[in-house]
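Here are a few notes from my pass through this one. Have it open while you read.

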Amino acid sequence: MANDPKQSGGFFSSIASSLSNFGTAMSRSVNGLVGYEGLEVINPEGGTEDAEEEARMGRWKQEDRDSYWKMMQKYIGSDVTSMVTLPVLIFEPMSMIQKMAELMEYSYLLDLADECEDPYMRLVYAASFFISVYTAYQRPWKPFNPILGETYELANHGGLNFISEQVSHHPPVSAGHGENEHFIYDISSKVKTKFLGNSIEIYPLGRSRVTLKRDGVVLDLVPPLTKVSNLIFGRTWIDSPGEMVLTNMTTGDKVVLYFQPCGWFGAGRYEVDGYVYSAAEEPKILMTGKWNKSMSYQPCDLEGEPCAGTELKEVWRVAEAPKNDKFGYTYFAHKMNSFSTAPKKLLASDSRLRPDRYALEKGDLSKAGYEKSSLEERQRAEKRNREAKGQQFVPRWFDQTDEIHPTPWGDLEVYRFNGKYGEHRAAADSSDSSGEITFESIEFNPWQYDSVAAE
């Protein structure tokens, strides 16, 4: 959002003044400072602005920040996944349900994994796919929380069809399924958070499974946590320090990649390094790169050193993106919101049709905020109606199983794709319907009870 250049004095001026004693180099590197013990003072982008100007780089005016900071202090140390109503000005015009589908941008890497006969190179391709998804996470804007029953359809992306659905609201759980001729991708996702003041840690209580069709190989992912820094003061940035482990459940081979934490002056930011290991835990291929740019690989010996006569080869590189895009969107992200790329007979529960998302995309923050509140109140009204009738919400495209999947951060209820969407999409694609899909042509409707209005 635009910053107010007239803001001066007070909090930001005091930051600049106190930092000036640390010397010119330090004052030009500090991103933002909050009077909260334990927060790092860093500039992950290594910028050259002076400290006062850098401190103003956040999205809010000072009075907005101060007011919100006072309100949020009571939540320090808490899980704020769904307990806090956030102002729409920090959002991007995309739902988290859409974001699940956005991770499919580089799905061709899974095609290559399926086609690959070398079991270790197969893991190089698959691990590179799971690294590529982090390019969508570096945008500091917050996606909209999904409405219960909300869906998103991604049709015929490189032969891939993908459907995601919000299957639970308390706790918030999303499920997704993608499939083409090479692979099946299934995910159940529940997020746990810890609010730390000016930052938040996000723990991915999810299960991501890929089944490669040619040999029936099943791959399982355990990702690192993600930390969003400078939520309220300073320039917001995102880091994912820790290990990512991708295991071949069929053979026992695995990939262990370490995401370097961001240090002072941006040292180590984006860097990823690790190895493909055999089932006997012997290093076979080293992998290195940056999750926002590219990944490369090279065969290695049992000591993890590059094999003589081999060279580092690139396996994936991020696609070119629009310059100076307001929300930092890629071309693929823009296609996610486009009705021109929507499938025939788009589901009325699709995220593209959310009125708050659409208003924000058009730049109308006031309407976006109003529509967001209206959707949330309608959702609460639906819950009251279900409870009064003694009923529970039943997802349309996924079924809850009895399986509980353990993760490093807690247990997850697993949802299984029920196959009904494939039947719906096949019937829709074979229909004679050819009318243009627009925001006005279909009303957003994820509701179980059509007659319920917000009270």
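**Notes on a predicted model**

1. Start with a side-chain pair: K190 and E413 are joined by a polar contact of 3.2 Å. Keep in mind that this is a predicted model.

2. Is K190 buried or exposed? K190 has a relative accessible area of 12%, which is under the 20% cut-off, so this lysine counts as buried. The strand holding K190 is β6, residues 183–195.

3. What surrounds K190, leaving aside neighbours within four places in sequence? Its contacts include P171, P172 and V173, then Y203, P204, L205 and G206, and also D411, L412 and E413. With V173, which sits 17 residues away along the chain, the C-alpha to C-alpha separation is 4.7 Å.

4. β7 (residues 199–212) and β8 (residues 217–222) run antiparallel, with five bridges between them. S208 is opposite L221 in β8.

5. Now the packing. The largest nonpolar core has 56 residues, and I131, Y185, L246 and M287 touch the most other members. Helix α7 (residues 119–132) gives this core its largest share, nine residues. Beyond its neighbours within four places in sequence, I131 is in contact with M244, L257, F259, V272, W291, M295 and W316.

Conventions: Residues numbered from 1 in each chain as written. Predicted model: local features only at pLDDT ≥ 70, side-chain atom pairs only at ≥ 80, totals over all residues. Heavy atoms only, no water. Core = buried A, V, L, I, M, F, W, Y, C linked by side-chain atoms within 4.5 Å. Buried < 20%, exposed > 50% of the residue type's maximum accessible area, 1.4 Å probe, protein only. Helix = DSSP H or I, 4+ residues; strand = E, 2+ residues; numbered from the N terminus. Contact = heavy atoms within 4.5 Å. Polar contact = N/O pair within 3.5 Å; in protein donor to acceptor, adjacent residues only side chain to side chain. Pairing = 2+ DSSP bridges.
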